[in-house]
Amino acid sequence: MASTKRLVVVDPDLCVGCMSCMFACARRFPEGGLAKSAIHVRSVGGFERGFTVVVCRACPDPPCAKVCPTGALVPRKGGGVILNPNKCIGCGFCREACPFGAIFWDYDENKPVICVHCGYCVDYCPHSVLALEETKR
Amino acid sequence: MNPLMPIIDRDLGKVLYIDLTRKKYWVEDKLELFEKYLGGTGVATQLLKEELPRNADPLGPENVIVFAVGVLSAMYPVASKTVAMFKSPLTGNLGESHAGGRSAIAIRMAGYGAIVIKGASEIPVYLSIHNGKVEFKDASALWGVRSTYTVGRVIREREPWPGTRAIMRIGRAGENLVRYAAVVTETYRHFGRLGLGAVMGSKKLKAIVVGGKRKIPVPDARKYREVYNEIYDAAVKSPAMKKYHDIGTPVNVLVLNTIGALPTRNLTSNRFENAANISGEHLAETRLARRVACSHCPVACIHIAAIREEYPHEKYFYTTRYVSYDYEPTYALGSMLGVGDTDGLLRLIEEVEIQGLDAMSTGVALAWTTEAYIRGLIGKDETIVEPTWGDWKTYIQMVRYIVDQPNEFYKTLAMGTEAAAKKYNGLDFALTFGGNEMPGYHAGPATHLGYLIGARHSHLDNAGYSYDQKKLKEKQYPTPEKVIDDLMAEEAWRQILSSLVVCFFARGVYKPHVVVKALEPMGIKLSEDQLKQLGWEIYKEKYKLKFELGYTFDKLRLPKRIYETLSPHGKIDPAFMEKALSYFKKKILELIEEPKQEKQVEENKAKNKK
């Protein structure tokens with residue numbers, strides 16, 4: 001079942017910082033650029049120190065859902081959340097609540113951008129930093 | 001709107017103007033330029049034409065810096081480069097330099113197709129460009145900071161958009177107006193050539209931080225994904241790209257050494273006995289720490305070595321520092337200076353990075369100095385230290401002298417190798433082409449002709465170095481006319497790549513038919529012929545600007561040294577070179593005098609109708 005899979009960062013030391021995953025994530029929508037990317041790569045204090053990959057880690061008990069005042073974030077089977085954009089008022093509490101900083105923002109829509117663990121980015125990671133794994137939950 | 005080349009993403013047409021004198025900025029809609037020239041080189045040439053007084057002092061406030069990205073930036077893999085254009089303080093003519101890192105993605109994601117910087121600040125500033133605003137920030141405290149690494153570190157912690165921003169900065173070399181000072185971006189990539197660092201220094205502009213995130217509209221998203229996948233697969237799987245990922249560009253050291261094309265000790269030799277120590281293979285096996293990529297490039301050709309040193313004063317106290325190595329610095333600071341000590345080479349590259357210099361120009365300047373010293377044209381009064389082939393510790397000291405300029409000699413050397421060679425009578429062995437120090441290939445006639453006739457005197461203008469290597473497999477070397485025709489055609493096509501803007505390393509992926517396909521989902525319908533024609537048009541525009549900036553044929557000097565040292569094609573024949581050059585002069589005049597090109601356009605139009 002697709003919904004019980006989750007995206008995992010296998011080893012950030014393999015990451016070369018090419019951002020292919022970020023662009024792949026945005027391509028799920030009919031557009032280019034990075035506005036709707038739910039995954040983020042940044043250096044750990046400069047390129048010389050390597051990279052960190054920031055993405056939803058599919059918490060079984062997600063703090064972002066707990067602080068959502070409108071019930072727009074519903075815990076997902078297998079961890080993480082599903083966003084109901086119709087309910088979302090764009091308050092940004094979820095973004096504050098995520099300790100990993102893995103909730104990004106779509107400034108055009110004024111709504112959060114959160115990984116849905118579809119694994120589209122995995123196919124565009126040339127160095128196997130990312131993988132989709134079955135959850136035991 | 002151009003019906004053939006509509007740009008759907010209107011933000012690409014936005015050009016950000018920044019006036020450092022008045023501390024003002026504004027945005028102008030220049031969509032029509034992008035609809036005519038795609039972006040990058042094509043658009044930057046036009047913006048420079050509009051803004052630059054032709055008699056501008058390259059280090060005066062009237063000089064202009066243009067950064068431009070193109071229609072493929074942040075859309076397709078390996079469209080990762082930004083084109084910078086300015087008047088070069090090294091050559092006094094058109095300056096053009098390309099860099100990757102995050103610069104291209106950052107500029108497009110910040111919502112601009114180009115940035116034009118004018119005027120000069122009276123105090124050091126850096127610019128922070130994001131969310132539609134430009135902030136002028138006091139950089140007085142950053143001015144004079146020893147290392148470009150530190151400057152990056154400080155700005156990194158103060159500015160927004162980590163991950164999708166570029167931090168383009170100069171070192172002390174740029175502050176002190178060394179005519180071949182570089183601009184460093186993302187610590188390891190450079191607008192290296194022709195002295196953009198000095199231009200920024202003259203404007204008291206220490207750094208530019210630019211970044212953001214936004215969407216780019218695509219009319220045919222299904223087709224876009226399809227073409228994206230094709231290009232991505234080609235980039236990841238092609239052998240050429242794999243080579244750059246595995247060993248990186250220094251894979252060339254042994255290749256060139258084997259065929260006798262590796263400039264060594266100021267090109268007194270074409271082979272280096274210690275080539276193995278500075279080879280890509282050896283560096284990868286013994287020093288490689290990590291590989292990193294420019295934004296949106298899955299290839300990741302940037303190779304970073306670790307320098308691990310024990311402190312002399314305390315046992316078990318180590319420093320581990322990281323320095324990126326590529327073929328060109330390895331040639332210029334390695335074989336060209338006779339430096340065959342692996343760690344010595346890395347230390348020397350590191351010093352050049354710290355100071356923010358162009359590695360190629362610095363290496364060639366030091367090589368010339370060493371030979372001039374050995375010949376007795378200059379003495380210790382000039383050089384202060386004793387330059388000796390292979391003595392990297394002394395060369396590190398000399399790099400600092402180029403930046404600090406403690407005497408008349410180093411002041412002159414900071415103006416460029418040619419300036420020093422003129423003053424101290426060493427032109428015959430000054431390896432400069434059009435005033436620019438040579439890249440790392442002595443592969444044959446086309447190599448040197450390529451440097452000389454290239455619009456920016458870069459080996460990447462027309463790839464004569466690659467042409468010569470391919471011709472080794474053929475029985476007969478082409479005629480001078482054929483060589484020039486081929487080099488000019490290559491340079492014309494590369495105008496398209498650098499307008500899109502695609503990294504030249506991916507030229508094998510972005511063949512004309514692929515470019516046609518890549519543009520289609522964005523609503524741009526150009527045929528291969530039309531693209532090639534546009535390439536010629538941009539090439540012509542650039543050369544017209546060069547002439548307006550004072551380009552003359554009598555500056556086309558080939559250093560005598562290239563005739564003295566054997567190339568893989570044997571001794572280079574001066575008569576061959578002369579013939580080629582006079583043919584080039586004829587061809588370039590024909591090109592800029594238009595009628596023939598217009599005829600060609602008409603012919604193509606007729607062809608397309610059929």
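Is Glu135(B) buried, partly exposed or exposed, and what is its relative accessible area? Glu135(B) is partly exposed, at 28%, where partly exposed lies between buried (under 20% relative accessible area) and exposed (over 50%), with a 1.4 Å probe and protein chains only.

## About the model

This is a predicted model, in which local features need pLDDT of at least 70 and side-chain atom pairs count only at pLDDT 80 or more, while totals for chains, interfaces and linings use all residues. Residues are numbered from 1 along each chain as its sequence is written, chains are lettered from A and ligands numbered from 1 in the order in which they are written, and side-chain values use heavy atoms, with hydrogens and water left out.

Let us turn to the interface. The size of an interface is often given as the accessible area lost when the parts come together. Here chain B and chain A bury about 3100 Å² between them, buried area being the accessible area (1.4 Å probe) that two parts lose on being put together, summed over both. Carbon and sulfur atoms account for 57% of that area. On the side of chain B, Lys213(B), Lys215(B) and Arg290(B) lose the most area to chain A, together 19% of what that side buries. In terms of contact (heavy atoms within 4.5 Å), 39 residues of chain B touch 38 residues of chain A.

The two chains share 12 residue pairs in polar contact, both residues at pLDDT 80 or more. A polar contact is a pair of N or O atoms within 3.5 Å; within protein, one must be able to donate a hydrogen and the other to accept it, and residues adjacent in sequence count only if both atoms are side-chain atoms. Among the elements giving two or more residues to this side of chain B are α3 (103-109), α4 (148-158) and β14 (288-292); helices (H or I, at least four residues) and strands (E, at least two) are DSSP runs, numbered from the N terminus. The element that gives the most is α7(B), with 6 residues.

## Salt bridges

Side chains of opposite charge can pair when their charged atoms come close. A salt bridge is a side-chain nitrogen of Lys or Arg within 4 Å of a carboxyl oxygen of Asp or Glu. The whole structure has 52 of them over all chains, and the count between chain B and chain A is 1. Arg153(B) and Glu48(A) form a salt bridge at 3.6 Å, N to O.

Back to Glu135(B): its partner is Lys137(B), with the closest N and O atoms 3.1 Å apart. Lys137(B) is buried, at 19% relative accessible area. Elsewhere in chain B, Glu520(B) pairs with Lys223(B) at 3.0 Å. This pair links distant parts of the chain, 297 residues apart: Glu520(B) sits in the loop between α21 (512-519) and α22 (528-548), and Lys223(B) in helix α7. Lys223(B) counts as buried because its relative accessible area is 19%, whereas Glu520(B), at 34%, is partly exposed.

Arg10(B) and Asp29(B) meet in a further salt bridge at 3.4 Å, N to O. Arg10(B) lies in the segment before β1 (14-19) and Asp29(B) in strand β2 (residues 24-29), 19 residues apart. Arg10(B) is exposed at 53%, while Asp29(B) is partly exposed at 48%. There is also a network of salt bridges linking Asp9(B), Asp11(B), Lys14(B), Arg108(B) and Arg214(B).
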